[in-house]
Each structure stands twice: as structure tokens, then as C-alpha cells.
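I opened the notebook to follow a few residues through this fold. My entries are below, in the order I looked things up.

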Amino acid sequence: MKKVLAFVFVTFLLLQSITAEIKVISPVEGQWANKQMLILDIQKNEEYYYSLNGSDPATFGFAYDGPVILDVSGPVTLRISHILPDKTLEEKEIDFTVTPQDAYGTSYY
């Protein structure tokens, strides 16, 4: 019985680490004319960090604790780190560009 329980527990841990994934709701890759909002689908008590220049988020980034407007323009390399309960690191990178457009100077005719 102990062997069966140990096997089930190890299998559960392996499946959890295989299926673990950072779920980004916003932003998505592409080119945008306005500021983007960082929205992650997270559970309580999880540790997430992000950076906007491709640097290591856990060392040089910001702690994520809820949706935040990314006040950047030009090419952006959003890098997100998730510290899992077993202290391993999961990462995701999203490249997008923000090119603000002058609405007043644009002809809509």
C-alpha cells in the first residue's frame, strides 16, 4: 500500500510540474498603439515577478501582485518568472511593441 501511495504522490508531482504554466491574459505578442496592462491568472500565495527589458525578473524586476499598466513604448521584452513551491523557476517571455499614435494629428476622413 505504501508503494502505491508513494507512486501516486510522485506521479502527481511530476504531472504538476509538467502541466505548470504561466497563464498570461494580457498582453499578447504584437504591435499596439496604446499602453498594455499586465494581467496574469494566478492563485493565492504564488510568487510572480516581471521585468520589461528582458532582465531576470526575480533579481531585477517587480513583484506581481495584481493587474498593472505597463507604461512603456517602443519594443518591449516582458519576462515573467514564477517561483514554484519546490523553489524551482518557471519563466515566460512575451515580445511586443507599443507605438503611440497621435490621434489629434491623424485624419479620419
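**Entry 1: Lysine 44**

I began with lysine 44, which is exposed because its relative accessible area of 80% is over the 50% cut-off. The model is a predicted one. I placed lysine 44 in the loop between E3 and E4. I then looked up its spacing to aspartate 65, which is 21 residues away along the chain. The C-alpha atoms of lysine 44 and aspartate 65 are 9.6 Å apart.

**Entry 2: Tyrosine 49**

Next I moved to strand E4, residues 47-51, where tyrosine 49 sits. Which side chain does the tyrosine 49 side chain meet in a polar contact? I found glutamate 47, at 3.1 Å. I also checked tyrosine 64, 15 residues from tyrosine 49 along the chain. Their C-alpha atoms are separated by 5.3 Å. I listed the contacts of tyrosine 49, leaving aside neighbours within four places in sequence. Pro57, Ala58, Phe62, Ala63 and Tyr64 are among them.

**Entry 3: The core**

How many residues make up the largest nonpolar core? I noted 14. Leu38, Leu40, Tyr50, Leu78, Ile80 and Phe96 have the most contacts inside this core. At least two core residues come from each of strand E3 (36-40), E4, strand E7 (74-83) and strand E8 (89-98).

**Entry 4: Phenylalanine 96**

I finished on phenylalanine 96, again setting aside residues up to four places away in sequence.

Terms used:
Residues are numbered from 1 along each chain as its sequence is written. This is a predicted model: local features need pLDDT of at least 70, side-chain atom pairs count only at pLDDT 80 or more; totals for chains, interfaces and linings use all residues. Side-chain values use heavy atoms; hydrogens and water are left out. Helices (H or I, at least four residues) and strands (E, at least two) are DSSP runs, numbered from the N terminus. Contact means heavy atoms within 4.5 Å. A polar contact is a pair of N or O atoms within 3.5 Å; within protein, one must be able to donate a hydrogen and the other to accept it, and residues adjacent in sequence count only if both atoms are side-chain atoms. A nonpolar core is a set of buried Ala, Val, Leu, Ile, Met, Phe, Trp, Tyr and Cys residues joined through side-chain atoms within 4.5 Å. Buried means under 20% relative accessible area, exposed over 50%, partly exposed in between (1.4 Å probe, protein chains only).
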